[in-house]
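Me: I have a structure to read. Walk me through the charged pairs and the sheet, please.

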There are 2 protein chains.
Amino acid sequence: MLGIQTVEPRSFRPQAPRISTSPAASNSLDERLSHATVRKLESKEHVFCEGDPRLHVFRVEEGVIAIYKTLCDGRRRIIDFAYPGDLIGLGALDEHILSAQATCTSKVRCLSAATLESLAESDANLALKLYKSVCQELAATRSLLVTVGQRSAVERVASFLLALHRRSGEADDHTVTLAMRRSDIADLLGLTIETVSRTLTKLRTMGVIGVEQGGTTVTLCDVVRLTDLANE
Amino acid sequence: MLGIQTVEPRSFRPQAPRISTSPAASNSLDERLSHATVRKLESKEHVFCEGDPRLHVFRVEEGVIAIYKTLCDGRRRIIDFAYPGDLIGLGALDEHILSAQATCTSKVRCLSAATLESLAESDANLALKLYKSVCQELAATRSLLVTVGQRSAVERVASFLLALHRRSGEADDHTVTLAMRRSDIADLLGLTIETVSRTLTKLRTMGVIGVEQGGTTVTLCDVVRLTDLANE
DNA sequence: CGAATGATTGACCCCCTTCAAAAGCGGTGG
DNA sequence: CCACCGCTTTTGAAGGGGGTCAATCATTCG
C-alpha cells in the first residue's frame, strides 16, 4: 500500500492491515493463499463495505483497491490504496469498519478470516507476525495523519507522487501511473479534485513533473526538487 | 487515549498502541505491571523520544502523555493523548518512532519491552491480544485521520471536547478538564493556538460550552448541540 | 455523432493562518 | 502586599490558500 512518509528512512511502509507474504512468514498462510479462489473486480466494484460481516481477508493480486470510510455527510475519506501483494480486511471486529473499492479493474484472492484466526490461535509466531505488521501499519497511518494534518497542497501532492514512485520499486523508471481518478487522490489527501488538478499543473509548469496520456501517466523530471517540495 | 470518533457506535477506542489491562487479559502482563517501577514526570518531561532504543513499554498511571512526531521544519504533530490505563511504547521496531511527553505532572509504570515480547512468543493468546488491540488502535487513528483531514475548526474542537467527555466516563458530570495547553490541542487537531482559542470562545458565546478556571475547565452546557456541531 | 464521465481552468469568497498586541495567571523577591 | 517577570491565553487585523461554483475541454462508449 501507499505510505506517505514524513520520517526517515524514506521508505515505504504498509498502510492498511496486512501481513508480510514473504517466505519468512508462516508457510501455512502462503499455502492457503495460493489455493484461495480469485475474484475479479471491475472499476468501482466493492470488495467489501462498512458494516459487512468480516468473513474474508483478501490479498490484492492485480490493480488498486481504495480503502475508505464514508462520512455522515456523504463525503468519502480514502485511508489507503492497496496494491498487489497487500492484504486487506484484517481487523479485530467481526464487521468491516471500512469499505474497499477497486479504482480500476482488479483481482483479489479470498481467505477465510476465521481460518486465519484459528491458525493464529495455535501459532504464536503467526499471531506475533500479525501484531508486528499492524504496528508497522499503524506507524504508516500516523505518517499519513501527519501529512494530511498540517501540510500544504503542494507538499501533499508531491509526497503522494514520491510515494507512488517508491512503491513501484523501479528507481530508474521515472514515470508513475495514476491508476485512480483525481477524486480518489483528492479523497486520500484531504483536498478537492480541483486543487489536485491545479497542483499537478502547477508542478508541471514548474518543470518538476510531466503529465501524459490524459493525465494517467506522470513523469518525475526533477525528483530532487520534488522531494524538496514535499518537505519531508 | 482519546479517540475522536466519526463512526457509530460513538464509543471510544484506544488511540495508541496498547493492550487491555482488564482481568480478561493475560495475567502475566498485569502481574508484571503491578511489580513494575513507577516513574514520575514533570510537565513537559519526556517519557521517550523519537530514535531512542525501545527498551520499555509504559502504562500511564496518572496525568496525560502526548504522543507526537516532530516535523522537519520543527513543527509538532500530536498523534494522541494517553490517559491512565493506556499502554504506550508498543511497536514493531527496536526504536521509538514517536516521542512521548507529559502535558502535566504524570506517572508511568515501566515494563521491559523484551520481556513482553518473549512472553508473547510462547503465548499465542497474548500475541493475539496484542494484534487485536493494535487493530483497534489502527481503527481509531484512522478516525482521527478522518477528523483532521476534512473537517472545520468547529467540528474538530467539538469532536475533541466530546471525546474528552466520553473518555472521563462520567456521563452525569458535564465538565471536562483540559489537562493540556492550547498548543497541545492545536497540534492534535492540526490547527493553530489562536484558532483553538477563538473556536472555544465562539462555542462559549453560542452558549454550548462554558469555560472556567483560567480555561482549564470546560462545561458542556448543550451536549446535543455540541454533537450536532461535531457533525459525527 | 451524442451522451456520459472525468479533467482542467477560471472567478470569487471564506476560513484559517499569520503577525501583533494585550490581558490573565502564577511565581519570586523586595 | 505589591511589583515584576515569564508563560499562556485571548483578541484584533490583514492576508492567503484552498474550497465552491461554474464553464470548457478531453476521452470513452453506446
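Me: Is B:E61 buried, exposed or partly exposed, and at what relative accessibility?
Reply: B:E61 counts as partly exposed, at 24% relative accessibility. Buried means under 20% relative accessible area, exposed over 50%, partly exposed in between (1.4 Å probe, protein chains only). The model is predicted: local features need pLDDT of at least 70, side-chain atom pairs count only at pLDDT 80 or more, and totals for chains, interfaces and linings use all residues. Residues are numbered from 1 along each chain as its sequence is written, chains are lettered from A and ligands numbered from 1 in the order written, and side-chain values use heavy atoms, leaving out hydrogens and water.

Me: Which side chain does B:E61 meet in a salt bridge?
Reply: Side chains of opposite charge can pair when their charged atoms come close. A salt bridge here is a side-chain nitrogen of Lys or Arg within 4 Å of a carboxyl oxygen of Asp or Glu. B:E61 meets B:R109, 3.3 Å from N to O. The pair links distant parts of the chain: B:E61 is in strand 3 (residues 56-62) of chain B and B:R109 in strand 8 (residues 106-112) of chain B, 48 residues apart. Helices (H or I, at least four residues) and strands (E, at least two) are DSSP runs, numbered from the N terminus. B:R109 is buried, with a relative accessible area of 18%.

Me: Which side chain meets B:R76 in a salt bridge?
Reply: B:D184, at 2.6 Å from N to O. B:R76 sits in strand 5 (residues 76-82) of chain B, and B:D184 in helix 5 (residues 182-189) of chain B, 108 residues apart. B:R76 is buried at 17% relative accessible area. B:D184 is buried too, at 4%.

Me: Which residues do salt bridges that share partners join into one network?
Reply: A:R54, A:E117 and B:K132. A search of the whole structure finds 16 salt bridges over all chains.

Me: What is the strand order of the open sheet in chain A?
Reply: Strands of a sheet pair through backbone hydrogen bonds, either parallel or antiparallel. Pairing takes at least two DSSP bridges between two strands. In chain A, four strands form an open sheet in the order 1-8-3-6, with antiparallel pairing. Strand 1 (38-41) and strand 6 (87-88) of chain A stand at the edges; each has a single partner strand, so one side of each lacks a neighbour in the sheet.

Me: How many bridges join strand 3 of chain A to strand 8 of chain A?
Reply: Six, and the two strands run antiparallel. A:F58 stands opposite A:C110 in strand 8 of chain A.
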